[in-house]
Amino acid sequence: MRRMRSEVITVRTGSRPTVLDITAEAERFVSGQGDGLLHVFVPHATAGLAVIETGAGSDDDLLRAIDDLLPTDDRWRHRHGSPGHGRDHVLPAFVPPYATLPVLGGRLQLGTWQSVCLVDPNGDNPSRQVRFSFLPG
């Protein structure tokens, strides 16, 4: 019986909001694993995962949409950290901290322009952990 395989990586997100493409790391993790599912999870209260196009402006558009939907002002009851940090704690309700992706023949089955991205609006934490878990089919 094949068991689930899991690994945690640490990525640097910096001191400003970012959309960080982690597709290459995900592909390395599933390489040679056969068929199954890759579950990606960020164990943080202020970050999420998105499967989107990057490099053509969509990553900046996503950050702008988050700012429009969840402004960094004083409306938030959760007030520790940087001004407006409370909105970062609401983010995972809109950009979930997980994604599950199909893997066939040890390769992620993403669309042509899709990338797996860590969405981190919280500049107070410059590095994040990402857990990859592969469940064989």
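The protein exposes about 7,700 Å², and carbon and sulfur atoms supply 50% of that area; accessible areas come from the Shrake-Rupley method with a 1.4 Å probe, and for residues only the protein chains shown count as cover. The model is predicted: local features need pLDDT of at least 70, side-chain atom pairs count only at pLDDT 80 or more, and totals for chains, interfaces and linings use all residues. Residues are numbered from 1 along each chain as its sequence is written, and side-chain values use heavy atoms, with hydrogens and water left out.

**Overall dimensions and packing**

- Of the 137 residues, 41% count as buried (buried means under 20% relative accessible area, exposed over 50%, partly exposed in between, with a 1.4 Å probe and protein chains only).
- Along the principal axes, the C-alpha atoms fill a box of roughly 50 × 30 × 20 Å.
- Among contacts between residues at least 6 apart in sequence, 82% join residues at least 24 apart (contact means heavy atoms within 4.5 Å).

**Secondary structure**

- The protein has three helices and eight strands; helices (H or I, at least four residues) and strands (E, at least two) are DSSP runs, numbered from the N terminus.
- Along the sequence these elements follow the pattern β-β-α-β-β-α-α-β-β-β-β.

**Five-stranded sheet**

- An open sheet holds five strands in the order β1-β8-β3-β5-β6, with antiparallel pairing (two strands pair if DSSP finds at least two bridges between them).
- Its edge strands are β1 (5-12) and β6 (107-108), each of which pairs on one side only.
- Strand β5 (residues 98-104) runs antiparallel to β6 and is joined to it by two bridges.
- L104 has R107 in β6 as its bridge partner.

**Three-stranded sheet**

- A second open sheet is formed by three strands in the order β2-β7-β4, again with antiparallel pairing.
- β2 and β4 (48-52) stand at the edges with a single partner strand each, so one side of each has no neighbour in the sheet.
- From one strand to the next, the twist averages 35°; axes are lines fitted to C-alpha atoms, for helices over the stretch in contact, and angles run from 0 to 180 degrees between N-to-C directions.
- β4 pairs with strand β7 (residues 115-120) in the antiparallel sense over five bridges, and the bridge partner of G48 in β7 is V119.

**Helix α1**

- Helix α1 (residues 23-30) lies across β1, β3 (36-41), β5, β6 and β8 (127-136), and runs at about 35° to β8.
- T23, A26, F29 and V30 of α1 are buried.
- These residues are on the same side of α1, because they cover an arc of only 125° around the axis; the arc is that of the directions from the helix axis to the C-beta atoms.
- An α-helix has 3.6 residues a turn, so residues three or four places apart point the same way.
- Just after α1, G32 takes a positive phi of about 75°.

**P17**

- P17 sits in the loop between β1 and β2 (18-21).
- With a relative accessible area of 39%, P17 is partly exposed.
- Leaving aside neighbours within four places in sequence, P17 is in contact with L63, R87, D120 and P121.
- P17 and A50 are 33 residues apart along the chain, and their C-alpha atoms are separated by 14 Å.
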